[in-house]
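Subject: Structure handover

Hi,

Here is the structure I promised to pass on to you. Please have a look at it first, and then read on for what turned up in it.

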Amino acid sequence: MARAAKTRTPRSWRAATRVGPDRLGISSAPQVAMDGSGNAMAVWVHSESGREHIGVNRWLSGIGWGVPEQLPAEGEGGAGFARVAMGAKGNALVVWRQFDNQRRSIWAKRYVLGVGWEAAEAVASDAYSDADAPQVCVNAAGDALVLWRQFDGIGRNIWARRLDAAQGWGEAMVIGAVKTATAFDPQIAMDAAGNAMAVWTRSNSRRSTVWSNRYTARRGWGEAAPIETDRASTSIFPKVAVDSRGGALAVWEQSDGLRCQIAASRYSARIGWGAPEL
């Protein structure tokens, strides 16, 4: 007698769950990251009583969401542009933009599994310039790279700073200097070994192009270079992903003045960036 085939229950989305605070105010701009065990960290911006704060909540695999927390304000002004990344072992790094009613700076706060939240630290703090648009990536060991753009009084450059999980923060440095143009919309991705690829948009009075710089765990940052050089089009909003072999894939929005399309280019550690494709 033949056995009856087992009927599998189709998987579907569970009911929505409140992750943020259950009180007055407005929560917006959520971001989420996950480790190799299925644990996650969510961050968002919460506006209440005329001031913006950074909210966080952790998802533990097999347990669910915890109690939402509010990161302490690091100044008199509001906070925004929160981003989060997690390592394979459950450690996380949250970065955000903080306003002190005079300038904007970049702050970071690390979560260590089994320890909890460490003290917040200023990643980019300069009394004479604004910093914004932070991005963050973390590798398997918990090392991190933070990327942002910063105004030096003339133009906006792309800056980066590395966090060694064991030794702490390194020096902030410019990885995409701009003399006659401005840089914006930085993005970064990192592999498990700590190699990373950063991309951003560089704009002048005529057009915008996508640029990149690669970080290797052995040598540090390389030289910034354009991914595409099509003088008949303008490119914006790049995104990037990396693989485990030192390769990367960048995609962006490209316009020839008549229509917008999606373009892409692949990076090989041996060859460099390939020709862009629509």
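A residue is called buried here when its relative accessible area is under 20%, exposed when that area is over 50%, and partly exposed in between. By that rule, buried residues make up 46% of the 278 residues in the protein. Please keep in mind throughout that this is a predicted model.

First, the overall picture. The protein has 24 strands and zero helices. Its C-alpha trace spans about 70 × 65 × 40 Å along the principal axes. The radius of gyration is 21 Å, which agrees with the value near 19 Å that a compact globule of 278 residues would have. Among contacts with a separation of 6 or more, 37% are between residues 24 or more positions apart.

Next, the pockets. The largest pocket holds about 240 Å³ of space. Its lining consists of R14, A15, A16, T17, V19, V32, M34, A40, W59 and W65, which by class gives eight nonpolar, one polar and one charged residues. The second largest pocket has a volume of about 150 Å³, and N195, R214, T216, A217, R218 and R219 line it. Here the classes come to one nonpolar, two polar and three charged.

You will find T216 in strand β18, which covers residues 208-216. Is T216 buried or exposed? Its relative accessible area is 17%, so T216 counts as buried, the cut-off being under 20%.

Q187 is another buried residue, at a relative accessible area of 13%. Q187 sits in strand β16, residues 182-190. Its side chain makes a polar contact of 3.4 Å with the side chain of D185. Not counting residues up to four places away in sequence, Q187 touches Q135, L147, M197, A198, V199, P238, K239 and V240.

L147 also comes up with A172: the two are 25 residues apart in sequence, and their C-alpha atoms are 9.6 Å apart in space. A172 belongs to the loop between β14 (168-169) and β15 (173-176) and is partly exposed, with a relative accessible area of 31%. Which residues does A172 contact, leaving aside neighbours within four places in sequence? They are W148, W159, A160 and R161.

Finally, two backbone angles to look at. Most residues other than glycine have a negative phi. A29, although not a glycine, has a positive phi of about 50°. A29 lies in strand β1, residues 26-34, and is partly exposed at 45% relative accessibility. F81 is not a glycine either, and its phi is positive at about 55°. F81 is placed in strand β6, residues 79-86, and is partly exposed as well, with a relative accessible area of 29%.

Happy to talk any of this through once you have had the model open for a while.

Best wishes

How values were computed: Residues numbered from 1 in each chain as written. Predicted model: local features only at pLDDT ≥ 70, side-chain atom pairs only at ≥ 80, totals over all residues. Heavy atoms only, no water. Helix = DSSP H or I, 4+ residues; strand = E, 2+ residues; numbered from the N terminus. Buried < 20%, exposed > 50% of the residue type's maximum accessible area, 1.4 Å probe, protein only. 1 Å grid on protein atoms, 1.4 Å probe; cavity = no way out; pocket = protein on both sides within 12 Å on 5 of 7 lines; lining within 4 Å. Points joined across faces, edges and corners; volume = space filled by probe spheres on them. Nonpolar A, V, L, I, M, F, W, Y, C, P; charged D, E, K, R; others polar. Rg over C-alpha atoms; globule rule 2.2 N^0.38 Å. Contact = heavy atoms within 4.5 Å. Polar contact = N/O pair within 3.5 Å; in protein donor to acceptor, adjacent residues only side chain to side chain.
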